Amino acid sequence: MSAPVRVRFAPSPTGSLHIGGARTALFNWLFARNQGGAFLLRSEDTDVVRSTREAEAMVLRDLAWLGLDWAEGPDKGGPYAPYRQSERTDTYRRDAKRLLGAGQAFYCYCTDEELEAHRKAQQKAGQAPHYAGTCRDLTEAQRAERRGRGLPEAIRFRVPGKPVTFVDRVRGEVTFPGDQVGDFVVLRANGLPTYNFACVVDDAGMAISHVLRAEEHLSNTPRQIMLYEALGYAIPEFAHMSLILNPDRTKMSKRSGEDATFVSEFRARGYLPEALLNFLVLLGWSWDGEQEIFTVPELIEKFSIDRVNNTGAVFDKDKLEWMNGQYLKAMPLDQRVARVRAYLKETGGEPDAKVVGDVDAFLALATEAVGERLKTLADVEGYAGFAFRDPVEIADDARAEFAKRPEGDHRLRALADAIEPVEPFELESLEAAVRALADRMGVKAGDLFFPARVALTGRRVAPGIFEVMRLLGKRRTLERLRAGAEVWTTEHAALRQSS
């Protein structure tokens with residue numbers, strides 16, 4: 001019988017979870033679920049300067065929000081604990097000594113300055129940079145002399161110099177020439193392991209059967225296979241996924257702001273975890289080239305490494321927004337409202353119950369008012385936030401319209417008087433009253449809509465005016481229309497005086 005499937009996601013805890021890391025975790029998680037295997041987390045925290053427990057907690061929180069649960073990890077423990085590399089140094093030293101004892105590694109005393117000088121000399125000679133072999137064959141006396149001078153003492157792997165060939169589950173057979181890799185450090189002078197060494201020791205020690213990771217790690221694979229063979233460990237199967245690209249097909253790097261690439265930023269902007277997962281899985285995997293919306297159970301059932309692509313996948317923000325909108329649109333209203341309220345509570349934007357009354361009923365009306373424009377949970381506040389609190393704040397660009405419309409205050413007062421007796425205060429009856437007023441005044445209904453929109457929302461652009469009135473309710477609508485008329489009058493008085 002073949003060994004059970006065990007896969008891992010092993011982030012460096014130096015900050016928030018990048019979207020590329022989230023995709024790697026997702027592919028591993030789906031493969032484990034599809035195969036009935038185990039998905040575990042390992043914290044690769046040997047970068048003592050940048051790694052923090054706070055960053056580790058952020059990564060775990062992002063994964064949990066996405067729904068990617070793990071069976072073993074630094075927070076849960078497990079049969080192969082510990083799951084932080086900083087707590088596994090004795091294991092790395094043990095295996096490094098095994099390599100030394102077998103003649104497959106040697107002590108190296110080269111300083112950073114010497115290594116840099118060799119590198120520049122090789123580049124100047126048109127050679128690919130390799131370790132020059134300075135310490136490869138030192139005698140015990142020479143090593144003792146260097147120790148006596150207090151030189152840093154690292155441990156380097158003695159590269160066999162033969163080609164390395166392996167079968168990648170995504171890319172097929174891959175061969176690296178024997179002279180492409182020089183002797184490399186496995187244990188630094190400070191006693192901490194390098195990435196490639198720790199990765200091999202940990203993956204072997206944790207019985208990892210498959211390594212699914214990004215294409216950028218492909219060049220690490222020959223070094224790791226050499227170490228597996230030298231240590232006598234079983235070599236896992238490898239699958240290297242294509243890079244995630246920007247629209248201009250450059251590599252997607254870590255950045256924040258408008259061009260967010262961190263999971264926490266997408267969460268803060270109101271994206272649903274299930275929609276983000278659905279979007280991420282299509283960055284490098286497809287089922288039939290046509291289906292785009294999948295439930296998580298469907299993804300678990302259909303996912304296989306064989307359908308992972310080997311070409312770069314473009315991150316299309318418009319498509320992600322569309323997909324998120326599709327998920328929201330498919331939800332029953334009560335579920336949508338529950339998601340919106342949870343999001344607003346998390347971001348500190350929840351409506352004031354003293355102003356709006358029943359928050360759930362209010363958010364149901366707000367969500368309906370946004371309608372088809374609801375692409376993210378943040379859109380409810382973006383489109384209807386004017387109704388969350390009193391008094392309304394009038395934006396500068398809306399206020400600038402006052403000077404162009406001297407009749408605005410008169411129209412607002414007439415509008416307030418016209419809708420005050422309207423019952424029920426609903427869309428059809430409100431529209432009938434407003435259009436009747438426009439006919440009596442001999443103006444177009446749109447001539448009433450604009451000043452009303454500014455007075456009620458403080459904006460030049462907002463949901464439909466009747467949805468706005470229903471959302472605010474009669475009392476707040478009348479208060480805002482009449483207050484807006486006073487502002488309009490004051491603004492024009494100030495303009496006349498200044499002229």
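Is Cys108 buried or exposed? Cys108 counts as buried, because its relative accessibility is 3%; buried denotes under 20% relative accessible area, exposed over 50%, and partly exposed the range in between, with a 1.4 Å probe and protein chains only. The structure is a predicted model, in which local features need pLDDT of at least 70 and side-chain atom pairs count only at pLDDT 80 or more, while totals for chains, interfaces and linings use all residues. Residues are numbered from 1 along each chain as its sequence is written, and side-chain values use heavy atoms, with hydrogens and water left out.

A disulfide is defined as a pair of cysteine sulfur atoms within 2.5 Å. By this rule the count is 0 disulfides. Cys108 takes part in none, for the nearest cysteine sulfur, which belongs to Cys110, lies 3.8 Å away. Another cysteine, Cys199, is buried with a relative accessible area of 0%.

The protein as a whole may be considered next. Its secondary structure comprises 20 helices and 11 strands, where helices (H or I, at least four residues) and strands (E, at least two) are DSSP runs numbered from the N terminus. The radius of gyration, taken over C-alpha atoms, is 32 Å, well over the 23 Å that the globule rule gives for 499 residues, so the protein is more spread out than a compact globule. That rule is 2.2 Å times the number of residues to the power 0.38. Along its principal axes, the C-alpha trace spans about 105 × 60 × 40 Å. Buried residues make up 49% of the 499 residues.

Helix H18 covers residues 427–441. Its 15 residues reach 21 Å from the first C-alpha to the last, close to the 21 Å expected at 1.5 Å a residue; the expected span is 1.5 Å times one less than the number of residues. Within H18, Leu430, Ala433, Val434, Leu437 and Ala438 are buried. Seen down the axis of H18, the buried residues fall within an arc of 135 degrees, so they line one face of the helix; the arc is that of the directions from the helix axis to the C-beta atoms. An α-helix has 3.6 residues a turn, so residues three or four places apart point the same way. On the other side of H18, Glu428, Asp439 and Arg440 are exposed.

Finally, Val308 is situated in the loop between helix H10 (296–302) and strand E11 (313–314). Val308 is buried, with a relative accessible area of 9%. Leaving aside neighbours within four places in sequence, Val308 is in contact (heavy atoms within 4.5 Å) with Phe27, Val170, Met241, Gly284, Trp285 and Phe303.
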